[in-house]
Amino acid sequence: MTNVQKQTNPMVIRNGRVVDSSQGFDATADVVVIGNAVVSIESPGTTTLSDGWTEFDAGGKIVAPGFVDLHTHLRTPGQEWKEEPKTASDAAVRGGFTTICAMPNTYPAQDNASVVNALMQLCEAESSVRVRPIGAITKSREGQELAPMRELADAGVVGFSDDGDPVMSPHLMRQALAYSADLGLPTINHAEDRGLVSEWDMNEGAVATRLGLRGLPNSAESVMIARDVILAKITNGRLHVPHVSTAESVEIIRRAKSEGVNVTAEVTPHHLAITEEWVYGEFGEVPAVLNEHAYDTNAKMAPPLRTETDQQALIDGLTDGTIDTIATDHAPHADTDKVCTFTEAANGIIGLETALSLCVGVANVDIARVIDGLTVGPSSILNDASVGTLRPGTPADITIIDPDREWQVSSHKLGSKSHNTPLLNYTVKPKVIATFVGGVQVWAADKNGMAYV
Amino acid sequence: MLVGSSKHLLDVDSLSSDQIRDLVENAREFRTLRAATQFKSDILRGISIYTLFFEDSTRTRVSFEHAGKALGADVINISASTSSVNKGESLLNTSVTLDSMGVDALVIRHPHSGAPHFVAQHVNATVINAGDGAHAHPTQALLDVMTLEEAIGNLHGAKLALIGDIRYSRVARSDIIAFRKMGVEIAIAAPATLLPNDWTHGVNSLGVANSDVTVHGSVEDAVRDADAIMCLRLQLERQSAGLLPDVNEYSRVWGMNSQRLALAKPDAPVMHPGPMNEGLEISTDIAHGGRSVITDQVQNGVAMRMAVLEHFCATLG
């Protein structure tokens, strides 16, 4: 994070609606930044500027802590043609993210300290945002033997996951939860019971039937989440459920939480905002006649896009706190992985740059809850009070949002190296207009820089 | 004559009932001409048609080739197993390569649903779907409409029993859409494991209303008073996938035989898209008996593909 080390002038971000639920704060205010840290939040207009101070007019804008993503695929090492730390951070800052957690499904996998250390060194040099590594649960993510979880914890991983692949063995999942329980780090299991369905293309249901595609039922997810919360209960382990996609899963997590199980959960912006009808390639419309644009591979992901019933249950779960956080599952893929038949296509869509717009503009979730889910939610799961907050003394990671500004998702404007999103050419809002990491501006939506006065 | 709305034939859903009637009428003329003379036309002279098959096929591939040649087109057959697909060339690059050679129409069979749609996005040629995964088989549905109309006359209000592996069948999907457009009522019977999972409470995913297509738990219920019967092929790998106990039970419970056929209306014809597992989903005496119109389906297959190629290719080149 070379940029973060730079010295900056003291700065006041004036007159924005400051939304920081870590302090229960939501009011118009000035945010004062000195050096790399937030110094104070003041009543608007009360801060006097000294020589050399800069001022950012945030009137009519929203000022939030920098977003934290628990679920980013950096594709490095091993698939650098899809994404690299530099391009992932270019995507992150455009979406208002200042901390991203790197998933371990790399080649080689992040299943030992050497691989993790090498990746962190690379990120230190190339990424403009903070990168936190997630280690593998099992060696090579093969689900056979536990990875050295303590070695990985010492190397700084913030959680464990075999992401993309579930830990199918209940025995091994139980041991993983038990072995890591006293580390305080979440074990994150991709919930997809492959014993129930091993090969699939999209959600099981009306759209799959019409398209003749192989379906993945909701139960393939909820069965495994049910197993995992039971195992978390008997081990006192720390379970985190990634990308919850079904109504039944939400209900199981709600019940587990009410029983005191140490479980947290995330939902992706795309599962909150769009449904299986997007596979038709018409931005969610159901065509009377299937044309050549049906079978949109950019709408293929794991877990798959589900139905409106699931979507509503996810929104309800986020609203009542059953779901703790919003995580992007940013999954870049090259054209060769997506310009093919639907069955051949890789799972995943990019998500960092469209996360806020999907949650607020498309799913219509209240923006304060969305910011909470992108800041306090992940920081409490990471047990890291230095991110996702504007508390005085913390690093000045700040995101500024224009709530009314529309933008069109177009491939030449994306920071990510990959462009696999069904939102291409779709117009959304709101827009992140400026992002700061440690007080340094790393993103400005307009060419002439930020709106300094 | 027809007024085509789409350049490609990806499924029957893009055809109106009038267009289907026109295609059937033209196919019938072709069939008559072929029966009466050594028919050879030059309607498609100078037009190049490639059949590109990624799955094994006898009747569909041969009938397209036959149809194209009878109309004077230059037909080239490409099978995946003897092409650069075997060297790992992608469907995209294979299609673009063939397109660059100046092909006018690509007739595609592929195991993945939506493959013809994908190819259609990337080539200039007209794409004719000759069967994609479990999705669609439009020319089969058209020849089935033709065959049934010949066998029983007016289709409107007729009841067709559709028996067997619906879930994985492209023929079932296209047949349901096409026959519904012609006003046929459809009674389905299949074990629950071979039905689409969302059909247990009625058929609602192919753009047809629930009441038009009924789902039954026994062959007897579906066949009773039917005007016609269509048996579908059972893929033998369904047993190893755990969807069926064994083929003997399937044959006993779901197979078409003379006792079950007796429940249908007298003279109700029996169809099968082929290839048959004779003795499994259909008994030998039915398959080759007087009520079978299975060989008519094959004959009509050539004539219908002539009508389709004429419609979609005559203005190309």
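1. Let's begin where the chains meet: 29 residues of chain B are in contact with 22 residues of chain A, a contact being two residues whose C-beta atoms, placed from the backbone, lie within 7 Å. On the chain B side, helix 3 (91-100), helix 4 (115-122) and helix 6 (170-181) are the elements that give two or more residues. Helix 4 of chain B gives the most, with five residues. By class, this side of chain B has 10 nonpolar, 14 polar and five charged residues. Here Ala, Val, Leu, Ile, Met, Phe, Trp, Tyr, Cys and Pro count as nonpolar, Asp, Glu, Lys and Arg as charged, and the others, Gly among them, as polar.

2. A word on conventions. This is a predicted model, in which local features need pLDDT of at least 70 and side-chain atom pairs count only at pLDDT 80 or more, while totals for chains, interfaces and linings use all residues. Residues are numbered from 1 along each chain as its sequence is written, with chains lettered from A and ligands numbered from 1 in the order in which they are written.

3. Chain B as a whole has 12 helices and nine strands; these are DSSP runs numbered from the N terminus, helices being H or I of at least four residues and strands E of at least two. Buried residues make up 50% of chain B. A residue is buried if 20 or more other C-beta atoms lie within 10 Å of its own, exposed if 12 or fewer, and partly exposed in between, with C-beta atoms placed from the backbone. Among contacts in chain B between residues at least 6 apart in sequence, 77% join residues at least 24 apart.

4. Do look at helix 5 (residues 138-152) of chain B. Its end C-alpha atoms are 21 Å apart, in agreement with the 21 Å that 15 residues should span; the expected span is 1.5 Å times one less than the number of residues. Of those 15 residues, 11 are buried, including P138(B), L142(B), D144(B) and L148(B). The buried residues pack against helix 1 (17-36), helix 6 and helix 12 of chain B, among other elements. G153(B) follows helix 5 of chain B and has a positive phi, near 85°.

5. Which residues does L142(B) touch, not counting residues up to four places away in sequence? They are V12(B), I20(B), L23(B), A178(B), M304(B) and V308(B).

6. Chain A is divided into domain 1 (2-63 + 396-444) and domain 2 (66-382), with bounds from an automatic or database domain assignment. Their C-alpha centres lie 26 Å apart, and 31 residues of domain 1 of chain A are in contact with 45 residues of domain 2 of chain A. On the domain 1 side, strand 16 (398-402), strand 19 (431-437) and strand 20 (440-444) of chain A each supply at least two residues.

7. Lastly, is A368(A) buried or partly exposed? A368(A) counts as partly exposed because it has 15 C-beta neighbours inside 10 Å. A368(A) sits in helix 12 (residues 367-374) of chain A. Leaving aside neighbours within four places in sequence, A368(A) is in contact with V19(A) and D26(A).
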